[in-house]
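Colleague: Could you talk me through this one before I set anything up?
Modeller: Gladly, have a look at it first.
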Amino acid sequence: MMNKNNNVHTVSVFVANKPGVLVRCAQVFARRGYNIDSLVVSTGVDPKFSRMTITATGDPQTLDQIIKQTSKLVDVLHCVEHTGQDSVDREYAMIKVSYSSTATRNSIKKFIKSRAHVITEDSGTVIIGQAGTSEELDLFEGEFKKKFNVIEIVRSGKLVMAIGKAST
Amino acid sequence: MQSQPRKTTKKIIKKQSMPVPDSLKPMNGAEILIKCLENFGVEYIWGLSGGAAIPIFDALVGSKIKLILVRHEQGATHIADGYARATGKPGVVLVTSGPGATNTVTGVMTAHMDSVPMIVLTGQTISPMLGKDAFQESDIFGITMPIVKHSYLVKKTNDIPRILKEAWHICNTGRPGPVLIDLPKDITSAPFTGKSLDPEMDLPGYKVKTTCPKSDIIKMAKMFSGSKRPLLLIGHGAVLSRASKEVMELARKLRAPITNTLLGKGAFPETDPLSLGMLGMHGTAYANKALTRCDLICSVGSRWDDRINGDNSKFCLGAKKLHIDVDPAEIGKIVQPDATCVGDAKEIVGELVKHVKPLDTKEWLEELDFYRKEYPLRINDKNGLTAQRVISDLYEVTKGSAYVTTDVGQHQMWAAQFYLSNEGNKWLSSGGAGTMGFGFPAAVGAQFGCPKDLVVAIVGDGGFQMTFFELSTVTIHKLPVKIVVIDNKYLGMVRQWQELFFDNRLSGVDLEGNPDFVLLAKAYGIKGIRIDKVEDCRNKLQEAIDYAGPVLVHAEVIKVDNVFPMIPAGKSAYDMIIEAPTQKLEKPSGST
């Protein structure tokens, strides 16, 4: 993704669905001082394989080593960085917010409009959901936190997919 | 023995079950495991038994594979390592769970750093108890993940043949390395109901790139043209791929000088006039001078280790850098090369030879000869017996033909300098890991693999005391290993640094309380010889070499001596110290 920060990278790893493969990949990042910001793992079209999307922070020079060392792992089929020109990305967020008056509840609903949707409401709280790019989610989250009493935020982590016939 | 049943007892016979022939008995997981290893042609397993591994040890009773009981699991790994380095065949280790497994960690890391093929089989608690802090349970699968080429925690008995086949393939192809297989006791005890001992492997992600595009090789060949001062840098990869012949052809055709890394010793004969010997931190002055003067450097299977490059920003300034490596992850890791070839060194260099043209290197070779004469390696006998004298005499007594193993430290560097090697697989030293205690058990492994050859362990008094318990393995199996303990009663390399960079404030280096090593050998039934005088050195070494059985030579050398030349850590070859400095040196900035 076109991150403003050159040190944030989105890496997609396609792996054989074998025990320990997640730890092996994570160790390649951790050993070189990279902090994994988000990590999404899901089963591929063929359940023998899984796909990971890793968002991590660290210097670009080290990333080249990380990609090569991850690719080298026996259970890894391929590992590539996506910079945004060749791929699309989405993320999902759930935000729990509490309110004490009907007026606040109404202004929450008014605020989210078409940007997000209400998932459920209970005991003076509402959980709203939002899908979009990570940047859109960041922006919404920032504004929303300023206006309302946000109790919890859970985000899926970034999902990435290569455009066209290229493999993610 | 059962008596033959009589005809009249027909009824009884029917009730008694006839003994089932072994060939028809269902085999358990452990028996299948051993059967697979037999099929691979495994000769030896080095190991130490324990509860969780008993089924596997049981399966070894009557096997073609010889089980060698060691005295410590670290010893088993270094023995397997030495065997693998000397023979090119993977070494196999078998230990139990918990501490048995964790004791292999140093040996596994050593093999991983130096790309040595090894299979480590660890017993494990029964599957239902995994993660419940069972007796002698350790998560060895998790502990060793960063130091193995690959690893397995076996969950189904029927997976054993596939996993063994994959492990054998992985450890010994591409860039070799150790593979660990953790085997819960219930899995090895359960009956095997699978159909094949030779199933399909399931390794969709394992990429072994051996064939390099010809265009890359031609591009690299073109880089050589016009070079006036080329230098070939030969590393362990050239040894592992058995590329000596091709490297020699390349050097001869180019008329290019060759330097080798510590582990590249012997891939090109060090006695050849084109050889500059080892380069790097304690390499020869002429090899390091070549680094500062070359206009092209071509690495064959070296990973530009920090012991070679030092300050990378000043490494071979202005020179073209070419890199041949089987591991794509090594390309660009330390050095950004001008041309690269990824694949097997033997194949690539063999092809490269066809495309390069002879270079005019007359002046370059003359310049290097000048350095060679100006800055030779020296031995100074005036203060008494030195390690250099012992190693140099050993080289002459053995005519340079022995398999040589070392520990780590000063003696290792002196051995690299003074025991020239002409065959790649005959120099066995812990390079990347720098593991003290490696030398002696590695020699035991080399001797198992090469029973008729002369194997000498050159070890320090510090390192030897970390793994000397394998003396009993030597005695039991009558291995004629020669052990030369270079005893300066110090952890000498650290003492050297403290003297040169830390105002001689000695801290944690004095090995007071060293045993009498001759008596120690005697306690294990091994002949011991003491050397403490220059004039006796050669004769006593000759006596040791001539003796048919194992010998321990206790060489008491002068306590204070330093290895030179030296490039302080983090400095470059331009900063090489050729002889003892007269001024105080600044503290090194490089790692260790």
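Modeller: A word on terms before the counts: helices (at least four residues) and strands (at least two) are DSSP runs, numbered from the N terminus, and please keep in mind that this is a predicted model.
Colleague: What share of the residues of chain B count as buried?
Modeller: The buried share is 54% of the 592 residues of chain B, and among contacts in chain B with a separation of 6 or more, 77% come from residues 24 or more positions apart.
Colleague: Switching to chain A, how is it divided?
Modeller: Chain A has domain 1, covering 8-85, and domain 2, covering 88-159, with 29 Å between their C-alpha centres.
Colleague: How many residues of each domain are in contact?
Modeller: In chain A, 6 residues of domain 1 are in contact with 5 residues of domain 2.
Colleague: Which element gives the most on the domain 1 side?
Modeller: That is strand 2 of chain A, with 3 residues; strand 2 (35-43) and strand 3 (49-57) of chain A are the elements that give two or more residues to that side. The residues of that side of domain 1 of chain A divide into 2 nonpolar, 4 polar and no charged.

Note on methods: Residues numbered from 1 in each chain as written. Chains lettered and ligands numbered in written order. Predicted model: local features only at pLDDT ≥ 70, side-chain atom pairs only at ≥ 80, totals over all residues. Buried ≥ 20, exposed ≤ 12 C-beta atoms within 10 Å, placed from the backbone. Contact = placed C-beta atoms within 7 Å. Domains from an automatic or database assignment. Nonpolar A, V, L, I, M, F, W, Y, C, P; charged D, E, K, R; others polar.
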